[in-house]
Structures are given as structure tokens and as C-alpha cells.
Amino acid sequence: MAFAASLAELQAEASCPICLDYLTDPVSTHCGHHFCGSCIHQGCKDLQDVLPCPVCLHHCPDRNLKSNMQLHHMTDIVQQLPTMRNNCLLYTSDAADERSS
């Protein structure tokens, strides 16, 4: 059961809190939260000078969010992991294809 909980936590950490999908081109805010680049930029396009973090509302004065390549690579790996549902491992089609080769 600890494995299932750890796997679920890892998959949640690799997800965007805005779109709830796996992070795509992740960027980091000054407060340390991560979002899809397109989600955070679309969400703040009508705002003026200060970008409030969608998670903690910390004011990020600089809109030049840092791309996070390490998180991007980690998210790619997490997407290949099986998911847990009712204590059963469910494999994505990519992961199943790799096991059969």
C-alpha cells in the first residue's frame, strides 16, 4: 500500500494545479510552485504588473517565470509509470508497448 501511495503522490506532484493534467513545459514561480507554461501565461494575460501565484497568492513581481527542464524530464518519466486503481496496476499504452518489446 505504501507503493501505491508513493506512486499517487509522485503523479500528483507532476500535475499542474490549474489544468490538473501532467505538466507541459513546466515553469516555476518565485514562491516555488510549478505550472504548465501555457496555463500560467493564459491565466495572467489580463493582469497588470504583479502575478499572484494561483496556489498561494504570493505576489510574483517578475513575469519571466523560469523554465524547469528537470521537472519536464521527471514528468515525462512519471507519465510512463503505471497508475494505481483499486490496488491494481494499470499501464499506459506507451509503457505496455515498451514492456512487450
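Thr29 touches Phe35, Cys53, Cys60 and Leu65, leaving aside residues up to four places away in sequence; a contact here means heavy atoms within 4.5 Å. The model is predicted, so that local features need pLDDT of at least 70 and side-chain atom pairs count only at pLDDT 80 or more, while totals for chains, interfaces and linings use all residues. Residues are numbered from 1 along each chain as its sequence is written, and side-chain values use heavy atoms, with hydrogens and water left out.

**Overall architecture**

- The protein chain contains 4 helices and 7 strands, where helices (H or I, at least four residues) and strands (E, at least two) are DSSP runs numbered from the N terminus.
- Read from the N terminus, the order of elements is α-β-β-α-β-β-β-α-β-β-α.
- Of the 101 residues in the protein chain, 26% count as buried; buried means under 20% relative accessible area, exposed over 50%, and partly exposed in between (1.4 Å probe, protein chains only).
- The protein chain has an accessible surface of about 6,900 Å², and 54% of this belongs to carbon and sulfur atoms; the areas come from the Shrake-Rupley method with a 1.4 Å probe, and for residues only the protein chains shown count as cover.
- For contacts between residues at least 6 apart in sequence, 41% join residues at least 24 apart.

**The sheet E2-E1-E5**

- Three strands form an open sheet in the order E2-E1-E5, with antiparallel pairing; two strands pair if DSSP finds at least two bridges between them.
- Because E2 and E5 stand at the edges with a single partner strand each, one side of each has no neighbour in the sheet.
- The antiparallel pairing of E1 and E5 runs over 2 bridges, and Lys66 in E5 is the bridge partner of Ser28.

**Loop residues beside the sheet strands**

- Thr29 belongs to the loop between strand E1 (26-28) and strand E2 (34-36), and is buried at a relative accessible area of 7%.
- Asn68 occupies the loop between strand E5 (66-67) and helix H3 (69-80).
- The side chain of Asn68 makes a polar contact with the side chain of Ser28 (3.2 Å); a polar contact is a pair of N or O atoms within 3.5 Å, and within protein one must be able to donate a hydrogen and the other to accept it, with residues adjacent in sequence counting only if both atoms are side-chain atoms.
- A polar atom of the Asn68 side chain also lies 3.4 Å from the backbone nitrogen of Gln70.
- Beyond four places in sequence, Asn68 touches Pro26, Val27, Ser28 and His34.

**Nonpolar core and cysteines**

- The largest nonpolar core has 13 residues, and Cys16, Leu23, Phe35, Cys36, Ile40, Leu51 and Leu65 have the most contacts inside it; such a core is a set of buried Ala, Val, Leu, Ile, Met, Phe, Trp, Tyr and Cys residues joined through side-chain atoms within 4.5 Å.
- E2 and H2 each supply at least two residues of this core.
- Cys16 is buried at a relative accessible area of 1%; beyond four places in sequence, Cys16 touches Asp21, Leu23, Phe35, Cys36 and Cys39.
- Cys39 lies in helix H2 (residues 37-43) and counts as buried at 14% relative accessibility.
- Cys39 and Ile18 are 21 residues apart in sequence, with their C-alpha atoms 6.6 Å apart in space.
- The structure holds 0 disulfides, a disulfide being a pair of cysteine sulfur atoms within 2.5 Å.
- The cysteine sulfur nearest to that of Cys16 belongs to Cys36, 3.9 Å away; for Cys60, the nearest is that of Cys31, 4.5 Å away.
- Cys60 is buried, with a relative accessible area of 0%.
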